Amino acid sequence: MGLLPDVHSALFGSISPTDLIATAGRALLLGHVLWILAYGLILARSARAGLLGIPLAAIILNISWEALLYGNCAGVGLRDLCGPGLSGEWSLALSFILGLDILLLAQAFVLTASVSGPSRTALVFVVALVVVYVLHANLIGLTLDYRGLVDSWIMNAIMSALFVRLALGRPNGEGLSWLAALAKFLGSQMVTLGLWIAPEPYALTGVRSVVVYGLAAVVAGLDLWYIGLLWRRLPPHERAA
């Protein structure tokens, strides 16, 4: 256990490995459920405001990584880097997340096409999706990133930074959801907790663990900044919207 081994041993030392993995799995699953909630809130808020409630680059990053994982890392040269295929509740959770990302992409297309035109928007979207998908696949292969875990946290950190940038550009928080920001923060923290409880299934040791936990700390800081920005900028009656 690379991070806080004494604390981990005191909390979980008497629990069997099977129960430990099950506990970690529940934390990870709850994190993904909170992300589903965040996506749903963003989608609804964007529809009401007629503005993107999530950076377009974040949608492209998310949907390409999720499509790669859902296809069990199609396009990655070393198949054993992808781990076992998803099944059961994990397959269902990722299906929901991928489905919501597709809806967010469609919403972004409609809003962007109304300004830039459908043909140009479609070209930009297709090129961006293909390029980012290939980048994800190659990063996982070149860095031997088992299950794309490091890639996912790099993506999460970029996404959090993009949210902060988006909030800074909207003085009154137009089209942004404070509840979605809170759900995203809590979801990421539950995933971090799950990885800490049982890191072995994700080969989370050595430098890899330092990188992942370091990125998780960056994400937490940026998410809290984003939550604070929206709390100050949104009118009180819109914080629960």
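A search of the whole structure, a predicted model, finds one cavity of 30 Å³ or more. The largest cavity has a volume of about 80 Å³, and the largest pocket has a volume of about 910 Å³. Helices H2, H6 and H7 each supply at least two residues of the cavity lining, and these helices are also among the elements that give two or more residues to the lining of the largest pocket.

**Largest cavity**

- The lining includes Trp35, Ala38, Tyr39 and Ile42, together with Met159, Phe163, Ser177, Ala180 and Tyr226.
- H2 gives the most to this lining, with four residues.
- By class, the cavity lining has nine nonpolar, two polar and one charged residues.

**Largest pocket**

- The pocket is lined by 36 residues, and His32, Trp65, Leu69, Trp90 and Tyr202 are the ones that lie nearest its centre.
- Two or more lining residues come from each of helix H2 (17-49), helix H3 (56-70), helix H4 (88-116), helix H6 (149-168) and H7.
- The most are given by H2, with seven residues.

**Helix H7**

- Helix H7 covers residues 178-197; at 1.5 Å a residue, its 20 residues should span 28 Å, and the end C-alpha atoms are 29 Å apart, which agrees.
- Of the 20 residues of H7, 14 are buried, so the helix is largely enclosed by the rest of the structure.
- Ser177 caps the N-terminal end of H7, with a side-chain oxygen 3.0 Å from the backbone nitrogen of Ala180.
- Both Ser177 and Ala180 are among the residues that line the largest cavity.

**Aromatic pairs**

- The count comes to four aromatic pairs.
- One of them joins Phe163 and Tyr226, with 5.0 Å centre to centre and 40° between the planes, a tilted arrangement.
- Phe163 lies in helix H6 and Tyr226 in helix H8 (residues 206-233), so this pair ties together parts that are 63 residues apart in sequence.
- Phe163 is buried, with a relative accessible area of 3%, and Tyr226 counts as buried at 3% relative accessibility.
- Trp178 and Trp231 form another tilted pair, at 5.1 Å centre to centre and 55° between the planes.
- Trp178 lies in helix H7 and Trp231 in helix H8, so the pair ties together parts that are 53 residues apart in sequence.
- Trp178 is buried, because its relative accessible area of 15% falls under the 20% cut-off.
- Trp231, at 41% relative accessibility, counts as partly exposed.

Key:
Residues numbered from 1 in each chain as written. Predicted model: local features only at pLDDT ≥ 70, side-chain atom pairs only at ≥ 80, totals over all residues. Heavy atoms only, no water. Expected span 1.5 Å × (residues − 1). Buried < 20%, exposed > 50% of the residue type's maximum accessible area, 1.4 Å probe, protein only. Polar contact = N/O pair within 3.5 Å; in protein donor to acceptor, adjacent residues only side chain to side chain. 1 Å grid on protein atoms, 1.4 Å probe; cavity = no way out; pocket = protein on both sides within 12 Å on 5 of 7 lines; lining within 4 Å. Points joined across faces, edges and corners; volume = space filled by probe spheres on them. Nonpolar A, V, L, I, M, F, W, Y, C, P; charged D, E, K, R; others polar. Phe/Tyr/Trp six-rings, centres within 6.5 Å; stacked < 30°, edge-to-face > 60°.
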